[in-house]
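Subject: Structure for you to look at

Hello,

Please find the structure below. Have it open while you read the notes that come after it.

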Amino acid sequence: MKDILLDIRDLYVNFYTYRGIVRAINGVNLRIRQGEFFGLVGETGCGKSVTASAILDLVRNPGRIEGGKILFKEEDLLSMDKKRMRNTIRGRQITMIMQHPIAALNPVMRIQEQIAEVLVHTMSKREARRAAIERLAEVNIPEPEKVARYYPHQLSGGMAQRVMIALMLSSEPPLLIADEPTTALDVSVQAQVLLLLEELVRKKNSSVLLITHDMSVVAETCDRVGVMYAGDMAETGSVREIIFDPKHPYTKGLMQAIPSEESMELEGIPGTVPDLVTPPPGCRFHPRCPSATERCKKEKPLPREVSEGHLVSCHLY
Ligand code: SF4
């Protein structure tokens with residue numbers, strides 16, 4: 001399909017720890033279209049952030065990508081030369097907004113210099129410094145000339161995340177990965193930051209992979225959603241399908257869950273997420289699934305299309 005920007009096929013990632021091999025990603029498939037806001041949801045430890053690290057070639061020892069393809073503009077990032085990946089893809093064509101922006105910014109560099117450093121590849125130094133102030137104004141930073149001279153530690157959490165958004169969108173990346181971008185912020189500024197991110201990204205026609213545990217964030221911002229469980233992609237579909245017509249028993253449980261501030265404990269489903277050193281055979285969800293059969297204990301369910309673009313990995317379909 002022509003409008004597919006990112007196409008992850010059968011991705012496997014393991015971590016080799018003293019306890020044994022953590023089978024963190026277990027054959028994940030995911031597609032993001034041009035200009036699409038794609039939400040990746042699931043409980044802590046389900047593999048959302050590891051998937052993001054794999055896209056950016058940031059899986060480091062003891063982690064190892066064991067198989068699959070990550071096609072970005074039809075080119076496999078996993079077989080790309082490391083230098084090219086570093087110089088032309090990561091930080092330019094695919095950028096990332098982290099949960100803790102202050103930690104992600106360079107602490108000894110003024111904000112203006114950090115943004116100008118990205119812009120200088122396409123303009124003169126003087127223009128880049130001026131454009132950096134415009135980028136700050138674009139993310140609604142008050143007194144952008146003044147804030148441009150700040151160091152990261154002088155910013156509030158909300159301001160730092162706006163600066164991060166300005167920085168990460170400076171190169172006009174086709175794909176932006178946002179890993180829990182508002183979790184560390186005050187509730188009062190979370191909605192503003194998300195709205196801003198959505199406005200700017202849609203204006204620039206970038207695609208977004210939004211990693212979150214918060215279904216209300218997904219409902220408000222995303223076009224499509226992928227639901228991960230224990231390293232598997234349980235279900236993908238439009239926001240409407242996932243929220244109003246979930247098919248996978250895990251997605252149904254997730255919809256019934258009452259999230260607290262800190263966690264995404266499932267109210268409706270007994271049990272806990274499995275230890276991925278010894279994951280359950282067959283469907284990894286079977287020990288918690290109310291519909292599990294003998295087949296589920298032996299055979300891994302493959303994704304099936306239940307309606308156009310709505311994929312479910314479950315033997316019930
Ligand atoms: Fe439940 Fe079986 Fe479907 Fe897994 S494959 S979600 S265990 S019914």
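The notes below cover helix packing, a cavity and some backbone details.

This is a predicted model, where local features need pLDDT of at least 70 and side-chain atom pairs count only at pLDDT 80 or more, while totals for chains, interfaces and linings use all residues. Residues are numbered from 1 along each chain as its sequence is written, and side-chain values use heavy atoms, with hydrogens and water left out.

Helix packing

Helices (H or I, at least four residues) and strands (E, at least two) are DSSP runs, numbered from the N terminus. Axes are lines fitted to C-alpha atoms, for helices over the stretch in contact, and angles run from 0 to 180 degrees between N-to-C directions. Angles under 35 degrees count as roughly parallel, over 145 as roughly antiparallel, 65 to 115 as roughly perpendicular and the rest as oblique.

From H4, Ile111, Gln114, Ile115 and Val118 are in contact (heavy atoms within 4.5 Å) with Val163, Ala166 and Leu167 of H7. By class, six of these residues are nonpolar, one is polar and none is charged. Here Ala, Val, Leu, Ile, Met, Phe, Trp, Tyr, Cys and Pro count as nonpolar, Asp, Glu, Lys and Arg as charged, and the others, Gly among them, as polar.

H7 also packs with H8 (residues 187-204): the axes come within 10 Å and cross at roughly 10°, so H7 and H8 are roughly parallel to each other. The H7 residues in this contact include Arg162 and Ile165, and those of H8 include Leu196 and Lys204. The contact of H7 with H8 has eight nonpolar, three polar and two charged residues.

H4 and H5 (residues 125-138) have axes 8 Å apart at an angle of about 110°, so this pair is roughly perpendicular. The crossing of H4 and H5 is right-handed. Among the residues in contact are Glu113 and Leu119 of H4, and Arg129 and Arg135 of H5. Nine residues of the contact of H4 with H5 are nonpolar, one is polar and three are charged.

Cavity

A search of the whole structure finds one cavity of 30 Å³ or more. On a 1 Å grid over the protein atoms alone, a cavity is a set of points where a 1.4 Å probe fits but cannot get out, and lining residues have an atom within 4 Å of a point. The largest cavity holds about 80 Å³ of space, the volume being the space filled by probe spheres set on the points, which are joined across faces, edges and corners. Its lining includes Cys283, Cys289, Cys296, Cys314, His248, His286 and His315. The lining of the largest cavity has seven nonpolar, four polar and no charged residues.

Backbone details

Most residues other than glycine have a negative phi, and most peptide bonds are trans. The bond from Asn61 to Pro62 is cis, with omega near 15°; Pro62 is in the loop between H1 (48-55) and S4 (63-72). Asn140, not a glycine, has a positive phi of about 60° and lies in the loop between H5 and H6 (144-147). Glu180 has a positive phi near 45° and is in the loop between S7 (175-179) and H8.

Regards

Notes: On a 1 Å grid over the protein atoms alone, a cavity is a set of points where a 1.4 Å probe fits but cannot get out, and a pocket is an open set with protein on both sides within 12 Å along at least five of seven lines; lining residues have an atom within 4 Å of a point. A crossing is left-handed if the near helix is turned anticlockwise from the far one by less than a right angle, and right-handed if clockwise.
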